[in-house]
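Please keep the sequence and the 3D structure in view while reading the points below.

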Amino acid sequence: MPEYAPRPRVPGLLKETKTMNDTAALNYVIKDQLIYLRKVEVQVAFNCNLTCKGCVHGSPARPVKMLSPEEFARDLAALGSAARVHKLLLVGGEPLLHPDLVELLKLAKASGVAKYVCVTTNGVGLENMSDDFFSNVDSIEVSHYPRVRLRYTREDLERKAQQFGFTFAISAYATFQETHLSVPLDDPALVQQIYKRCKPRAEWSCHTFAEGRYYMCPRSPILGERLGSCGQLVDNRPADGVMMRDNPDLFGDLLRYLQRDDPLEACKWCLGSDGASFPHLLQSKKAAIEEASRIVHFAPTLLSPRARAELAGLLAPEDGKAEAAAP
Ligand code: SF4
């Protein structure tokens, strides 16, 4: 049964790099001309069977779309020319909806790129998964939301884990965070601070790859699609992701990318991990689609009280008025 070491998982990591974002340096170490990445997640199913308000991937409003095994294998091979991944997470949307999930697990394991191959799920549908699934996954991480009744109990998972030798964790999420803007921030200093403090990029290491590019967060590759729902044409992918396919200097490009101090283009439309919390809510599909097309301007009320206090020097006086006027 695999064991997950606490962060940082690779000793000596901080000695390797010195960047503005020290926490980012925890995400990789260099050894034998390879970059060892702590954690990378791949979105394999874009849609979801739940309709959570504020879903960071906007999945309730997205069409049914699955990552093809061919594309997954191609990107794994490309990444493998320069890097290894300690923990590869297959995520969604809801990954259990992928009809070829077992094939994706087998591909990831056979590639030799990832040490552990894991699945993050809302738990709905675990009762339908085959023994083939349970025997090919190293770890299952269940995100449990209030008012979502799971048919598959902790005891069921415990039994399967003992039978097939995987680990699992069930984490309760009672709140979500504001994450998105649909009008870009025009204050470079504020964008820089949000990027610097961003936990998905650094502490949580939610790095990802999609359509041949490697990204330091899962929000950047889907920004264009999200803004498209608001009628805006933005393609930040070439600027925000490192091309992995047919890249003879992927090692160098990836290393420079991991060490960059400058925010991504996508950060202008993002609150990083500084967004205000709100209670988890399941909404209707119609409301989810309306939410996706909503125009969201920045206001300090979208920030957590702590972020508001810590970033106070960067918040404009007119933002303060907006805050006072907010309910
Ligand atoms: S877009 Fe920028 S601020 Fe938002 S999650 Fe990605 S790196 Fe963090």
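Of the 327 residues of the chain, 39% count as buried. The model discussed here is predicted. Its chain has 13 helices and 11 strands. Among contacts in the chain with a separation of 6 or more, 75% are accounted for by residues 24 or more positions apart.

**Nonpolar cores**

- The largest nonpolar core has 51 residues.
- Inside this core, the residues with the most contacts are Val 42, Val 44, Leu 79, Leu 88, Val 117, Cys 118 and Leu 254.
- Strand E3, which covers residues 83–91, gives the most to this core, contributing 6 residues.
- A second, separate core consists of 19 residues, including Ala 202, Ile 222, Ala 266 and Leu 302.
- Val 117, one of the residues with the most contacts inside the largest core, touches Leu 88, Leu 105, Ala 108, Lys 109, Val 137 and Asp 138, when residues up to four places away in sequence are not counted.

**The pair of helices H3 and H4**

- Helix H3 spans residues 69–80 and helix H4 spans residues 101–111; their axes come within 10 Å and cross at roughly 20°.
- Because angles under 35 degrees count as roughly parallel, H3 is roughly parallel to H4.
- The crossing of H3 and H4 is right-handed.
- On the H3 side, the residues that meet H4 are Pro 69, Phe 72, Ala 73, Leu 76, Ala 77 and Gly 80.
- On the H4 side, their partners are Glu 103, Leu 104, Leu 107, Ala 108 and Ser 111.
- The residues of this contact divide into 8 nonpolar, 2 polar and 1 charged.
- Ala 108 belongs to the H4 side of this contact, and Ala 108 is also touched by Val 117.

- Glu 178 lies in the loop between strand E7 (175–177) and helix H7 (188–196).
- Glu 178 has 18 other C-beta atoms within 10 Å, and therefore counts as partly exposed.
- With neighbours within four places in sequence left aside, Glu 178 is in contact with Gly 54, Leu 271, Gly 275, Ala 276 and Leu 302.
- Glu 178 and Leu 271 are 93 residues apart in sequence, and their C-alpha atoms are 7.2 Å apart in space.
- Leu 302, a contact of Glu 178, is included in the second core.

Technical notes:
Residues numbered from 1 in each chain as written. Predicted model: local features only at pLDDT ≥ 70, side-chain atom pairs only at ≥ 80, totals over all residues. Helix = DSSP H or I, 4+ residues; strand = E, 2+ residues; numbered from the N terminus. Buried ≥ 20, exposed ≤ 12 C-beta atoms within 10 Å, placed from the backbone. Contact = placed C-beta atoms within 7 Å. Core = buried A, V, L, I, M, F, W, Y, C linked by C-beta atoms within 7 Å. Axes fitted to C-alpha atoms, helices over the stretch in contact; angles between N-to-C directions. Parallel < 35°, antiparallel > 145°, perpendicular 65-115°, else oblique. Left-handed = near helix turned anticlockwise from the far one by under 90°. Nonpolar A, V, L, I, M, F, W, Y, C, P; charged D, E, K, R; others polar.
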